[in-house]
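Thanks for coming, everyone. Let's get the structure up on the screen and walk through it together.

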Amino acid sequence: MQKNTKHTTSKELMLKKVRQALLQKREHPYPSFEETPLYPEDEESIDIRFARQFTAVAGQFVYCEDELQLIENLVLLAEKEKLRKMYAWEPHIQELLARYDFPVYVTDQDFADAEAGITACEALVARSGSILVSNGNAAGRRLGIYPHIHIVIAFTSQLVWDIKDGLALVTQRYGDRLPSMINLITGPSRTADIEKTLVMGAHGPKNLYLFLLEG
């Protein structure tokens, strides 16, 4: 009997607490929820986090201390992949490459035979290792999708932690004239729709390179 009495008492106490909680009507039961950070504070730097996440999704990350090292790495890549038809349509990318006489196609002449497209980007999202791009520049929609190799030239100033921060940069740049296409690239194109076999380059570039410059 003593055991049942204790059990009943504990049950009553529990129900009493539940009733009291239900009677307390609060408009915001978790007032600080929106201010609570979604992710714990990061111990590694933003550039290291991006590089680690980017390579984890099969991206090829290349750090360049300056423009000269960028050109040297581009030459090495062109020799390695035997690239002859590399395209760059954005004026500031063309100017950068022209300073070192790096040969690229600046129009869409013979674009059906394009082997690599060199573009800029809007932002680099560190948490997912993704590249945020848009058609708001001269590269348009085709240059980062059609060639089997996509080369992105970016700067450390474009590194952000989350997607929302990247979209904020896009909004800041374009204002109320947002591009009609804003896309997030996470690694090379891939699919496993056919017999669950992973195929790289199914709907876009087979290889994705990111050349990161200080600045």
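Which order do the strands take in the open sheet of four? The order is E7-E4-E5-E8, and the pairing is mixed. Before I go on, a reminder: this is a predicted model.

Look at the edges of that sheet. Strand E7, residues 159-160, stands at one of them, and strand E8, residues 182-185, is an edge strand as well. Each has a single partner strand, so one side of each is left without a neighbour in the sheet. Now go inside. Strand E4, residues 123-125, pairs with strand E5, residues 130-134. The sense is antiparallel, over three bridges. If you want a landmark there, take Ala123, which stands opposite Leu132 in E5.

A helix packs on this sheet. That is H5, residues 163-174, and H5 touches E4, E5, E7 and E8. The direction of H5 makes about 25° with that of E5.

Stay with H5 for a moment. There is a nonpolar surface patch of about 380 Å². Its residues are Ile163, Leu167, Leu178, Ile182 and Leu184. H5 and E8 each supply at least two residues of that patch. Take Leu167, which is found in H5. Is Leu167 buried, exposed or partly exposed? Leu167 has a relative accessible area of 37%, so Leu167 is partly exposed.

Also in this stretch, Asp165 forms a salt bridge with Lys164. The closest N and O atoms of that pair are 3.3 Å apart. Asp165 is partly exposed, at 26%. Lys164 counts as exposed, at 58% relative accessibility. Elsewhere, salt bridges that share partners join Glu44, Arg49 and Arg52 into one network.

On to the other sheet. This one is open too, with five strands in the order E1-E11-E6-E3-E2, and the pairing is parallel. The edge strands are E1, residues 60-64, and E2, and each pairs on one side only.

Let me take E11 and its partners. Strand E6, residues 149-155, runs parallel to strand E11, residues 207-213, over seven bridges. Two landmarks on that pairing: Ala154 stands opposite Leu212, and Val152 has Leu210 as its bridge partner. E1 also pairs with E11 in the parallel sense, over five bridges. There, Cys64 stands opposite Leu213.

How many of the seven residues of E11 are buried? Six are, and that makes E11 mostly covered. Helix H3 lies across E1, E2, E6 and E11. H3 runs at about 165° to E11.

What about H2, residues 46-56? Its buried residues are Arg49, Phe50, Ala51 and Phe54. The cover over them includes E1, E4, E5, E7 and E11. Just after H2, Ala58 takes a positive phi of about 75°.

Now the salt bridges. The count comes to nine. One of them joins the side chains of Arg99 and Glu67, at 2.8 Å from N to O. That pair links distant parts of the chain, 32 residues apart. Arg99 is in the loop between H4, residues 91-98, and E3, residues 116-119, while Glu67 is in H3. Glu67 counts as partly exposed, at 25% relative accessibility.

Another one is Lys85 with Asp110, where the closest N and O atoms are 3.9 Å apart. Again the pair links distant parts of the chain, here 25 residues apart. Lys85 sits in the loop between H3 and E2, and Asp110 in the loop between H4 and E3.

Why does Lys85 count as buried? Its relative accessibility is 19%, and the cut-off for buried is under 20%. Asp110, at 39%, counts as partly exposed. Leaving out residues up to four places away in sequence, Lys85 touches Tyr105, Asp110, Asp113, Ala114, Glu115 and Ala116.

Last, the whole chain. There are five helices and eleven strands. Of the 215 residues, 36% are buried. Among contacts with a separation of 6 or more, 72% come from residues 24 or more positions apart. The chain exposes about 14000 Å², and carbon and sulfur atoms supply 54% of that.

That's the tour. I'm happy to take questions.

Methods: Residues are numbered from 1 along each chain as its sequence is written. This is a predicted model: local features need pLDDT of at least 70, side-chain atom pairs count only at pLDDT 80 or more; totals for chains, interfaces and linings use all residues. Side-chain values use heavy atoms; hydrogens and water are left out. Two strands pair if DSSP finds at least two bridges between them. Contact means heavy atoms within 4.5 Å. Axes are lines fitted to C-alpha atoms, for helices over the stretch in contact, and angles run from 0 to 180 degrees between N-to-C directions. Buried means under 20% relative accessible area, exposed over 50%, partly exposed in between (1.4 Å probe, protein chains only). Patches are made of residues with over 30% relative accessible area and no salt bridge: like charges are joined within 9 Å, nonpolar side chains (Val, Leu, Ile, Met, Phe, Trp, Tyr) within 5 Å. Accessible areas come from the Shrake-Rupley method with a 1.4 Å probe; for residues, only the protein chains shown count as cover. A salt bridge is a side-chain nitrogen of Lys or Arg within 4 Å of a carboxyl oxygen of Asp or Glu.
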